[in-house]
Every structure is written in structure tokens, then in C-alpha cells.
Amino acid sequence: MIIVRMMGGLGNQLFQLAYAKSLAQKTGEEIALDIQGYQNYKTRSFSLDNVVGEGNYKFMSDGELSMKYKISRKAYHVFQKVYMLINRKDKIGNKYFELFSSIGLYYNFDRYYYNLDTTHRTLNKYVYGYFQSEKYFEEIKNDIHNHFKVKTPPTRREKSLLSKIASSNSIAVSLRLGDDYVKSNSLNICTEDYYIKGLEYVFNKVENAKVFIFSDEIDKAKEMRFPYPVEFVEGFNDYESLRLMYSCDHFVISNSSFSWWGAYLSDNVNKIIVAPSKWYNNSFEKPDIFLESFNLIEVGEEN
């Protein structure tokens, strides 16, 4: 069995399940989700079940989780911090990922892709990390793209906006403006100038475009100055916003896993995706979250 520790918002949940599905594709094992962390996690909620429905996984209760798994997660965090501090690196590396996975611990918080080894024969495979790269599930990316779509039926209000999006050359602009983002030391914060440059890039290639603004802090987004008429998407929960976003034609995304999936799941074969050229401030190498199809724009300083 493949047991996945679910963490973070909907974007990270999708990355974690995609990795587990790739692993399951090779081993034929069942996927089970550990969502115990959401009992005390107030920033985000578990909402993956609105996107990928039952039948793709089952849930694990706390009593079903082994002590090896619980203790090893805490030990891994200590090892990770000490290793990076001593070696002055931003990653643990493939060697240790291979070592841990050989005993069933598929633990990885690095920003880089490591080979998916499925030859290890362990009773359970424990997945713990973010795995933010298409490379982890590239072999089944068509299946991921087709099945990672919101299953919960849209409300009347959402249907109205979906109709408006479908009838235009729509551009989804995803602004991440919450305190967990703007006060982050590791993330390269996208400025107002970045979003304006991103819109200009798309408008130079698309005629009669209509802009839809998505944000985790929509009131802050309304304070920004956009050079084009925009419509603010507000009053929707995360999975509804995801469906509205991937229903758009083109994208200007922030360095956010939710933004990434909103653009990735779009069915438009000619979609334009603008992304910040630098995802993290402290990456020594280019993170593997970038897609080859991204049109990268530098994130400048605010004036």
C-alpha cells in the first residue's frame, strides 16, 4: 500500500496524489491518504475529494498508521534541517532519497526531481513531501490531466461565470497575496509590475482578451492598478476557483502550486502560460516545478 501524508493547500494536494498515482502505476499498489494533519491546520483545508473522487484512494485513520511512519517523519525533518545547515545546500539529494525509499520512506522536500525507484519490496510505501514537478508523473500525464478535474457540480453562480469565461479569449491572472506568501523569505514575491508585464505579453499575442483576476486576498488585488479592464473572481472556494481558472484560455501565474495546476489543467492546446523566472530566492539550481512551455518574465522590484 502507498500511504500519502497530505499537506498544504489544494495545489500541493494535487502534486502529492499525482506522485502517488505514478508510483501506483508501476507497483499496482493501492493508495491511501493520511489527512490527520488537517485537524490542527487552520491555513488550508483538505479539499482534494472535490477534485479526484472516491475510488482513486482510501483514507487512513490515525490508529492504522504505524509508529515507524510517525516517528520517521519527525526524524526526517531534523535530519533535513541539520544536513542543509552543515552542508550549506538547499537539497538533500538523490542519494538520500534512494536510501530512504529503499526502506519504504519516499520522503522528499527538495525542489528537484529524483528518479522514481519502484523496485523496493516493502510492506508499505510512505510518501511525505511536495514532489512539485511534472517529471514525477510525466508517463501518466494524460491520465492526470483528464482525471484531475473538479467533480463537485458547479453552483448556478459558478455556471454563470463559466459561461462568461467560455465566451471570451479569457486570461486568468493568479495573484498570491496572503501573509504566508508576502512575508515568506524563501519565495520570490511577484510584484505588481510582473503581473502587468505578463498581461502585456499575452495581449500582444491574443486579440479581444478578457482578464479574470484570482487571488487568495481579493481585496488586496483590487488595490492594484491594471492597464486593462478586469473582472475579479470572488466568493468561491478553492476547488471552484480551480475549475474557473483551468476553464480559461491563457494564464499569468504566480509562484504558487495552485496557480500551476490552474494553468496545467487547461484544455486549451494553444494556451499561453506566463510565469515568474525565479520561483525561490534561495535555490542554487533551477527548481523542477518549471514547465518547458512557461514563458518566463523577470520579477522586478516595486518602484
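**A note on helix packing and aromatic contacts**

1. The count of aromatic pairs comes to 34, where rings of Phe, Tyr and Trp (its six-membered ring) pair if their centres lie within 6.5 Å. One aromatic cluster is formed by Y76, F79, Y83, Y96, F100, Y107, F109, Y128 and Y130.

2. A word on the source: this is a predicted model, in which local features need pLDDT of at least 70 and side-chain atom pairs count only at pLDDT 80 or more, while totals for chains, interfaces and linings use all residues. Residues are numbered from 1 along each chain as its sequence is written, and side-chain values use heavy atoms, with hydrogens and water left out.

3. Two charges are worth a look beside the rings. R111 places its charged end over the ring of Y280, 3.8 Å from the ring centre. Likewise, the charged end of K286 sits over the ring of F290, 5.2 Å from its centre. The rule here asks for NZ of Lys or CZ of Arg within 6 Å of the ring centre and within 35 degrees of the ring normal.

4. Now to the helices (DSSP runs of H or I, at least four residues, numbered from the N terminus). Helix α1 (residues 10-27) packs on helix α10 (residues 257-264) at an angle of about 65°, their axes 7 Å apart; axes are lines fitted to C-alpha atoms over the stretch in contact, and angles run from 0 to 180 degrees between N-to-C directions. The two helices are therefore roughly perpendicular (65 to 115 degrees; under 35 is roughly parallel, over 145 roughly antiparallel and the rest oblique). Their crossing is left-handed, meaning that the near helix is turned anticlockwise from the far one by less than a right angle, with clockwise giving right-handed.

5. In that contact (heavy atoms within 4.5 Å), α1 brings L10, G11, N12, L14, F15 and A18, and α10 brings S257, F258, W260 and W261. By class there are seven nonpolar, three polar and no charged residues; Ala, Val, Leu, Ile, Met, Phe, Trp, Tyr, Cys and Pro count as nonpolar, Asp, Glu, Lys and Arg as charged, and the others, Gly among them, as polar.

6. α10 also packs with α9, at about 45° and with axes 7 Å apart, which makes α9 oblique to α10. This crossing is right-handed. D238, S241, L242, M245 and Y246 of α9 meet F258, S259, W261 and G262 of α10, a set of five nonpolar, three polar and one charged.

7. On to α9 (residues 238-246) and α5 (residues 156-166): their axes come within 9 Å and cross at roughly 20°, so α5 is roughly parallel to α9. The crossing is right-handed. E158, L161, L162 and I165 of α5 meet E240, R243 and L244 of α9, giving four nonpolar, no polar and three charged residues.

Notes: Phe/Tyr/Trp six-rings, centres within 6.5 Å; stacked < 30°, edge-to-face > 60°.
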